[in-house]
Every structure is written in C-alpha cells, then in structure tokens.
Amino acid sequence: MAKKENSGFTVADMNKHIKEGNFGRLYLFYGSEEYLKDFYINGITDAVLHGDTLNYITFDGKIIADKLREACETIPMFGDRLVILVRNSGIFKTQGIKNEDYVFLESLPEDICVIFGENEAVVSAIRHHTT
C-alpha cells in the first residue's frame with residue numbers, strides 16, 4: 001500500500017495561525033468551495049488588520065506582476081502589517097509561481113501578507129512557502 005503524502009499544512013494549522021495570530025507572508029486558497037476560501041481569507045484579514053481598511057489592498061481578476069510588486073513594496077500606514085488580497089488572478093494556472101515576474105513573492109517583507117484566492121490552480125506549479 002502506498003504511503004499517503006502529507007502536504008505539511010493542514011486545516012488545523014490554519015486554524016492555529018488565526019487563533020494565535022501567527023501569520024505567514026503568502027497564502028494560496030484555491031478550489032470551487034467559495035465558502036471555505038472566504039472563511040479563511042476573512043479570518044486572516046480580520047485577525048491581521050483588526051478592521052483597519054487603510055492597510056488592505058485588493059485586486060480582482062488578471063493582474064500584472066508590476067502592479068502586485070508595487071503593492072508589496074507599500075509600507076503599512078499606522079499599522080503593523082499590510083494585507084494584499086488577489087482574487088482570480090489566474091497566474092497559477094497560466095504561468096505558475098516560478099515565472100520570473102513573480103519571483104519577488106519568494107522574499108516578501110515581514111510586514112506584508114499576500115493572500116491569493118483562486119478558483120483553479122495547477123497544483124504542480126505551486127511551491128509551499130512556510131516562511
């Protein structure tokens with residue numbers, strides 16, 4: 001019998017991040033279950049920003065790498081962290097995270113939290129980043 005491979009990050013881990021306020025810099029939520037994606041995206045956003053909309057940037061639909069890079073270089077105003085939410089960008093499906101234009105996502109500053117909410121993703125194009 002083949003051994004089941006563990007992705008290393010579980011729903012329990014995500015719940016623990018939200019409960020303890022220990023957030024990473026990069027998250028990807030994908031799939032067809034909108035309720036669950038929104039539940040965790042909103043959980044992270046609310047816990048990080050505590051209702052502060054000044055440090056919240058959103059993109060919906062296809063995104064140009066330069067615009068996302070520019071947002072990631074923004075300094076949080078009157079708060080500890082900046083949350084950038086990118087919905088349905090399609091970059092994981094068409095280009096993958098390895099694209100040179102998006103290499104800056106591998107070294108995000110500590111005060112930035114980028115959240116991708118995608119309808120579909122190519123799992124083989126995604127590398128799990130835990131830092």
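Modeller: Cys113 has a relative accessibility of 0% and therefore counts as buried, where buried means under 20% relative accessible area, exposed over 50% and partly exposed in between, with a 1.4 Å probe and protein chains only. This is a predicted model, in which local features need pLDDT of at least 70 and side-chain atom pairs count only at pLDDT 80 or more, while totals for chains, interfaces and linings use all residues. Residues are numbered from 1 along each chain as its sequence is written, and side-chain values use heavy atoms, with hydrogens and water left out.

Cys72 is buried as well, at a relative accessible area of 6%, and a search of the whole structure for disulfides (pairs of cysteine sulfur atoms within 2.5 Å) finds 0.

Cys72 belongs to helix 3, residues 65–72, where Ala65, Leu68, Ala71 and Cys72 are buried; helices (H or I, at least four residues) and strands (E, at least two) are DSSP runs numbered from the N terminus. Seen down the helix axis, these buried residues fall within an arc of 125 degrees, so they line one face of helix 3, the arc being that of the directions from the axis to the C-beta atoms. In general, an α-helix has 3.6 residues a turn, so residues three or four places apart point the same way. The buried residues of helix 3 pack against strand 2 (56–60), strand 3 (82–87) and strand 4 (112–118), with contact meaning heavy atoms within 4.5 Å. On the other side of helix 3, Asp66, Lys67 and Glu70 are exposed.

The loop between helix 3 and strand 3 holds Phe78, whose phi is near 55 degrees, a positive value in a residue other than glycine; Phe78 is exposed, with a relative accessible area of 80%. In the loop between strand 3 and helix 4 (91–94) lies Asn88, which also is not a glycine and has a positive phi of about 55 degrees, but Asn88 is partly exposed, at 33% relative accessible area.

Phe78 is also one of the residues that line the second largest pocket, others including Gly79, Asp80 and Arg81. A pocket here is an open set of points on a 1 Å grid over the protein atoms alone, where a 1.4 Å probe fits, with protein on both sides within 12 Å along at least five of seven lines, and lining residues have an atom within 4 Å of a point. The lining of this pocket divides into 5 nonpolar, 4 polar and 3 charged residues.

Conventions
Nonpolar A, V, L, I, M, F, W, Y, C, P; charged D, E, K, R; others polar.
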